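Welcome! Here is a short tour for someone meeting this structure for the first time. Take a look at the sequence and the model before reading on.

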Amino acid sequence: MVGPGILLVCIFVPIVGAIIVPFLGKINTGLRNISALVFVLISFISAACALPAALNGTPLVSSLELPLGFSFSYYGDALAVFMAMTSSLVAAIIVFYSFGYIEKYPNQNEYYSMVLLFIGSMMGLVFSTNLIFIYTYWEISAICCWRLIGFYRKEDTVIKANKAYLITVGGAIFMLAGFIGIYIQTGTFDLLALQGQGLDSWIVILILFGILSKSATLPFHSWLPDAGVAPSPVTSLLHAAVLVKIGVYVYARLFLVNFHLDVVWSTAIPIIAAISAIVAAGAAIVENDIKRIIAYSTISQLSFIFLGLSSGTMVGVAGGLLYILMHSLAKGGLFLCAGIIEHSTHTKDIRQMSGLAKRLPVTCVAFAMCAFSVMGIPPFGGFFSKYMVIDGSLLSGQPWITAVFIIGAVMTVIYLLRVFCKVFFGELSHPDIKEGTWEMVTSVAILGILSLLAGIFINIPSQLTTFIVESLGRW
């Protein structure tokens, strides 16, 4: 049996690593790269070590009480461990991919440092039980994203990095005001002491501003497609594995585990999500920049997660949690495949690409596998999560909302098939290109295979998400 200290290892090893890797980079770049990967893998293994205790119903708790209602407390229940394992696993693959992608760029030491700090802040956020520390880790992640989106330091990339920072931090300030409202109402910031509390509508609205801005949901979505100016491993980390999942995690933590929402929100949130899903899918259909297409797809797919989590049904909530895992694997793979394509062709415009399967066969197959999962094609993992979310929405008695999401699912098939056929079929447009480095190709292959295996062995992740939902005791 592991002790509660394993949570501190999961959080602070990557944070300490963020301080160490720039110095290692001045000594040897290979040592820096391997060390960065090891730090992330330690975080993943630590989270996995906390899983047995969470599944046994005895979550690990590490706590230090502080004055004025604060507590330096971490809590490893099944939901937190699930999110930590998902984020750190995909992040480790992305770091490995980065070895080949950014080897010729400047600012590499800062890149690895910011990635590690980013992962550490995510781990701190998912395990923290104090609202103020959740906000603190939330803001640390925003600073890391600001630096990573502006990695190339060109004027347009800096402008778009600033835009992402201002939108997400602006939303976070509203969320902080909501947290203060909770303290005024209850006298504590401790989530463990707030189980089953109700919240005033104005507090819910303030918190939702922060959640929706971080998860790039309409009308706070515009920063996410613009973040495509960042390196592809950064966009993969932001869009798939960590950043946008912070919002859906906080929604699940606050409004499924801790607080009871008024019934009006079970209708309002699906409506917001439905509008976001359709508008973003429509934008993806007409867009020609491959990374912006995948970014709009992320906005649309996140709406499916919100639909599941807000459905109020056991199958819908379990499907929403399962969707987090399946989307992280598949969408992470799509962005990394886009990075190989961009590296090879030196363009992101799909109108200037065709026939690339002849020169990028592994990337082609990996892209197809990840795309099939996002589309919801069986037996890929995305099929099961999408089916459960839609089923949960129907069971909640909202057929019109469900119909909108079914249309959104069809649109997903259309825009991803459009990209795949345009980029990989037809006459070869770039006869001199070749596959990316072995690290890059291996990474996309792993994510494509995991997207398939997650569906073939669906009982394993589905049992975990079902256990999480059952532990909430609301059904």
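Helices (H or I, at least four residues) and strands (E, at least two) are DSSP runs, numbered from the N terminus. Leu-79 sits in helix H3 (residues 78-101). This is a predicted model, in which local features need pLDDT of at least 70 and side-chain atom pairs count only at pLDDT 80 or more, while totals for chains, interfaces and linings use all residues. Residues are numbered from 1 along each chain as its sequence is written, and side-chain values use heavy atoms, with hydrogens and water left out.

Let us stay with Leu-79 for a moment. Its relative accessibility is 5%, so Leu-79 counts as buried (under 20% relative accessible area; exposed is over 50%, and partly exposed is in between, with a 1.4 Å probe and protein chains only). Setting aside residues up to four places away in sequence, Leu-79 touches Tyr-249, Ala-252, Arg-253, Val-257, Leu-321 and Ile-468, where contact means heavy atoms within 4.5 Å.

Next comes a pair of helices. Helix H13 (residues 314-345) packs against helix H18 (residues 459-472) at an angle of about 130°, and their axes are 9 Å apart. Axes are lines fitted to C-alpha atoms, for helices over the stretch in contact, and angles run from 0 to 180 degrees between N-to-C directions. H13 is therefore oblique to H18; angles under 35 degrees count as roughly parallel, over 145 as roughly antiparallel, 65 to 115 as roughly perpendicular and the rest as oblique. On the H13 side, the contact includes Leu-321 and Leu-325, and on the H18 side it includes Ile-468 and Val-469.

Now for the aromatic rings. The whole structure holds 26 aromatic pairs, meaning rings of Phe, Tyr and Trp (its six-membered ring) with centres within 6.5 Å; planes under 30 degrees apart count as stacked, over 60 as edge-to-face and the rest as tilted. Two of these pairs are set out here.

| Pair | Centre to centre | Angle between planes | Type |
|---|---|---|---|
| Phe-12 and Tyr-74 | 6.4 Å | 80° | edge-to-face |
| Phe-367 and Phe-424 | 5.6 Å | 55° | tilted |

Phe-12 in helix H1 (residues 5-27) and Tyr-74 in strand S2 (residues 71-76) are 62 residues apart. Phe-12 is partly exposed at 28% relative accessible area, whereas Tyr-74 is buried at 1%. Phe-367 and Phe-424 are both buried.
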